[in-house]
Amino acid sequence: MRKQECVAMLLAGGQGSRLGGLTRKRAKPAVSFCGKYRIIDFTLSNCLNSHVNTVGVLIQYKPFLLNSYIGLGSAWDLDNPYSGVHILPPFLGEKEGSWYNGTANAVYQNYEFIDFYDPEYVLILSGDHVYKMDYTLMLKFHKEKNSDITIATVQVPWEEASRFGLLTVDQDARITEFTEKPAQPESNLASMGVYVFNWSTLKQALIADAEDYKSQNDFGKNIIPQQLKQGKRVYAYEFQGYWRDVGTIESYYQANMESLRKGHFLNIFDPRFRIFSNEDILPPHFVGSTAEIENSLVCNGCIIHGKISNSIIAPGVYVGKEVQIRDSILLPCVKVHDGSIIHKTIVGENAEIMRHCFVGADGHIASDQEGITVVEDNHIITEGSVIEAGKNV
């Protein structure tokens, strides 16, 4: 047994169906974000920067790409021999099913992994959120409050509140009520899906939940409400930094676009809190004599001959001559051939747009009020095609 004060369990098995074609062939945490990163890079980097060295990654949907990307965790300096990153897929045991049945069941199936390290605290994390957070500050708060469970929270816009687990707290930040995704929100203080549990509390809660055949085996729907009913000390840690749930096309697009704004809170250029990734080693990007680039991120391995404005260009992208790209996100290894126009579009990995296509535009740059167009991974748009704004192809 190698005792650790805190063990992290990173839930990375979500299908992410609301991201449509972007998650058809990969789990949501493996989706490209902000050019050179994958969504899961942010949570893994948070662990490194918070000195949380033992991380179990619970993978279920389309595991191969995410498994191979994480590897031994060396990209995040989490490959030490005494703790490190451990990939934890579903398994068929004496009592367990062959798939994770809810977030709580995923952790329950890996009960022995946590017990091996005999931690004082267990940090439950989600692999599909974009944020920078020092978990040591949350753990300090947890200890100061003598809490059994601490939930990280943020204020969200009222119009989005029904997408989240919502909390009501007293003057001491103790949670008095928790409701998972209510139709009529009475609070806009939302759970981030980041929890600190005393291991003794979590252990008992998981066993009781597994024995309840009516349970959906979910932290937000079952574990947290049940612990509140039992009078456990459950506190809200109000996070002050940038956090986004990028579970929909709209939120994913907006979070990427926000990274282009001056003074953006995520600040991927901050050397004091770096975000690491397992990016392929590619040559420097090349900008040709006919290229024009304005307010955009252009990653390694790109060849640019066209005009790019307010866009994110991931590694290995080719942009031909007389191409116009505006307000768009091109994921890794996209090819855009001569004369095409792309506006307010997310172009999936390895997709190819042939000559003289209009994607998210009808021959002119479309209105900013138009919807977001999505081109699925590996899709080929034939020469001269017109893809209307807001379409998924």
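Is Glu 5 buried, exposed or partly exposed? With a relative accessible area of 41%, Glu 5 is partly exposed, where buried means under 20% relative accessible area, exposed means over 50% and partly exposed lies in between (1.4 Å probe, protein chains only).

A word on the ground rules before we go on. This is a predicted model, in which local features need pLDDT of at least 70 and side-chain atom pairs count only at pLDDT 80 or more, while totals for chains, interfaces and linings use all residues. Residues are numbered from 1 along each chain as its sequence is written, and side-chain values use heavy atoms, with hydrogens and water left out.

## Overall shape

The protein chain has 8 helices and 30 strands; these are DSSP runs numbered from the N terminus, helices being H or I with at least four residues and strands E with at least two. Its radius of gyration is 22 Å, close to the 21 Å that the globule rule gives for 393 residues, so the chain is as compact as a globular protein of that length. Here the radius is taken over C-alpha atoms, and the rule is 2.2 Å times the number of residues to the power 0.38. The C-alpha trace spans about 65 × 50 × 40 Å along its principal axes.

Of the 393 residues, 55% count as buried. Taking contacts (heavy atoms within 4.5 Å) between residues at least 6 apart in sequence, 61% join residues at least 24 apart.

Helix H1 (residues 40-49) has 10 of its 10 residues buried, so it is largely enclosed by the rest of the structure. Among them are Phe 42, Cys 47 and Leu 48. His 51 follows H1 and has a positive phi, near 60°.

## Salt bridges

A search of the whole structure finds 16 salt bridges, each a side-chain nitrogen of Lys or Arg within 4 Å of a carboxyl oxygen of Asp or Glu. Here are some of them.

| Pair | N to O distance |
|---|---|
| Lys 143 and Glu 5 | 2.7 Å |
| Glu 349 and Arg 26 | 3.6 Å |
| Lys 391 and Glu 388 | 3.8 Å |

Lys 143 lies in helix H5 (residues 135-144) and Glu 5 in the segment before strand E1 (6-11), so their bridge ties together parts that are 138 residues apart in sequence. Lys 143 is partly exposed, at 40% relative accessibility.

Glu 349 and Arg 26 also form a salt bridge, and this pair links parts of the chain 323 residues apart: Glu 349 sits in the loop between strand E25 (345-347) and strand E26 (352-353), Arg 26 in the loop between E1 and strand E2 (32-33). Both Glu 349 and Arg 26 are buried. As for Lys 391, it is partly exposed at 41% relative accessibility. Salt bridges that share partners join Arg 26, Arg 38, Glu 349 and Asp 377 into one network.

## Aromatic rings

The structure holds 13 aromatic pairs. Rings of Phe, Tyr and Trp (its six-membered ring) pair if their centres lie within 6.5 Å, with planes under 30 degrees apart counted as stacked, over 60 as edge-to-face and the rest as tilted. Phe 197 and Phe 219 make a tilted pair, 5.7 Å centre to centre with 50° between the planes.

Phe 33, Tyr 37, Phe 42 and Tyr 252 form one aromatic cluster.
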